[in-house]
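Please examine the sequence and the model shown below. The paragraphs that follow lead from the chain as a whole to selected local features.

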Amino acid sequence: MYGQNQRLVRVTNQLLILEELRRGAQSRVDLARKLRLSNPGVSKIVETFIQKGLILETGAQATRAGRRPVLLEFNARFGCVCAVEVGAHCARAALGDLRGEILRTGELMSFETFDSLALSQLSERMTAWVREAGEVCGVLLGLTLSYEPGERAETLQRLEEGVRLFSDSFDCQVRLKNSVQLAAAGASLRSEMPEEGLLYLLVGQGISCGVFCPSRGEQGLAKAHALSGELSESIPDASSAVAEWRGGRISKRNTLEEQATPDSVLRTLQEKFSAGEGYLGEHSSRPEDITLEDVKAAAAAGDSECLYAIQNAAVRLAVAAANLLRVIPCSTVLVDGTAKAFGTLYMDSFAQFLREAMTDSAPAKIGWAQGADLALLGGVSAAADRALHTLAETM
């Protein structure tokens, strides 16, 4: 037991030193003072890291008098980490250093179905893609789950095979994450890391969500594309003020999550068009030819049916967000995905209803998620953090 405690203390101290130097260059004396460790203890750990190449001595620190202490710098290029996002029909990757800074991104491959052949090809292309980057210290696989239970189980099984395959190829730890959780972490990095947490909502076939709390790491609260009502119905203590908006399990087309999507808006208006209702008659001759751009243009021209359909979808999303925020309060709510097609009208309706539903506890910031490849950004950051822990444990 004594030996185990000693090792735990040593690993903890090594990790603290690495994390501190990752923030910026410091001297041994600075590290000992900030971390409240002994000077000999810090020096012993630092020497080990210098010999391994994980810490570099970069010069002397400026002082008013006396011997100038040597500055130490974290070697972010000691190794690299890789994040891969496996989507419905393509896989994208990002290569990053040990600070979590992205070095490059790119599409690895496209596929019709993510079967065993696609997995094997992905492993080969990943290996070639990172070959010139040096030692790989960590790989993180992010996946987008289908809303269909059978497809979801098959994708998970395939990615678990990928974890084993990539672990053998790169001889490092490979982790599996929901890409929506990773996107929430990436959105936090782009949003200057809100202290009270960030709720990230991805609107696609349904609503996917991730919550990122800087003090607690990322937490997923719903399966991706939750068309069966899981997101709204699984949340305890939902306010009765919004209970009437919550979706039932009668059918996939009758759930809160699905009704918040542009696909649902489009289908509703196509049905109205078939019945001879709405302004869309000037935009198309057949219901199946109506596009989201047609709907947006008609709403901008003042068509009441289109305006109502878009605002109604935004309200559904706001109710789902309010249910989630009552469980984990967040100061920032960001929306991403296909809902962006409706622009300001959708966002204004969403923000207004969410603030009315939350009253005094409404988020300070509500808006669109900015930037592309948020899941890769969050994935590289998470992979770098885990790689740092592994290095602290193994050196």
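**From the whole chain to its ring cluster**

Of the 395 residues in the protein chain, 50% count as buried. The model is a predicted one. Its secondary structure consists of 13 helices and 13 strands. When contacts between residues at least 6 apart in sequence are considered, 62% of them join residues at least 24 apart. The chain exposes about 18,900 Å², of which carbon and sulfur atoms supply 48%.

Among the strands, strand 5 (residues 90-96) and strand 6 (residues 102-110) run antiparallel and are joined by seven bridges. One point of reference is Ala 93, whose bridge partner in strand 6 is Gly 106. The two strands, strand 5 and strand 6, form a hairpin with five residues between them. In that turn, Gly 100 has a positive phi of about 90°. As background, side chains in a regular strand alternate between the two faces of the sheet.

The buried residues include Val 180, Leu 182, Ala 184 and Gly 186, together with the polar residues Ser 179, Gln 181 and Ser 188.

Ser 264 is found in helix 9 (residues 262-274). Its relative accessible area is 8%, so Ser 264 is buried. Leaving aside residues up to four places away in sequence, Ser 264 touches Glu 258 and Gln 259. Lys 296 has its place in helix 10 (residues 292-300). At 35% relative accessibility, Lys 296 counts as partly exposed, because this value lies between the limits of 20% and 50%. The C-alpha atoms of Lys 296 and Ile 310 are 8.7 Å apart in space, and the two residues are 14 apart in sequence.

The cysteines may be taken next. How many disulfides does a search of the whole structure find? The search finds zero.

The aromatic side chains complete the tour. A search of the whole structure finds two aromatic pairs. Phe 342 and Tyr 346 form a stacked pair, with 6.3 Å centre to centre and 25° between the planes. Both residues are buried: Phe 342 has 3% relative accessibility, and Tyr 346 has 1%. Tyr 346 also forms a stacked pair with Trp 368, at 6.2 Å centre to centre and again 25° between the planes. This pair links distant parts of the chain, since Tyr 346 lies in helix 12 (residues 343-358) and Trp 368 in strand 13 (residues 365-368), 22 residues apart. Trp 368 has 19% relative accessibility, and it therefore counts as buried, the cut-off being under 20%. Through these ring pairs, Phe 342, Tyr 346 and Trp 368 are linked into a cluster.

Conventions. Residues numbered from 1 in each chain as written. Predicted model: local features only at pLDDT ≥ 70, side-chain atom pairs only at ≥ 80, totals over all residues. Heavy atoms only, no water. Helix = DSSP H or I, 4+ residues; strand = E, 2+ residues; numbered from the N terminus. Buried < 20%, exposed > 50% of the residue type's maximum accessible area, 1.4 Å probe, protein only. Contact = heavy atoms within 4.5 Å. Areas by Shrake-Rupley, 256 points an atom, 1.4 Å probe, with all protein chains shown as cover. Pairing = 2+ DSSP bridges. Disulfide = S-S within 2.5 Å. Phe/Tyr/Trp six-rings, centres within 6.5 Å; stacked < 30°, edge-to-face > 60°.
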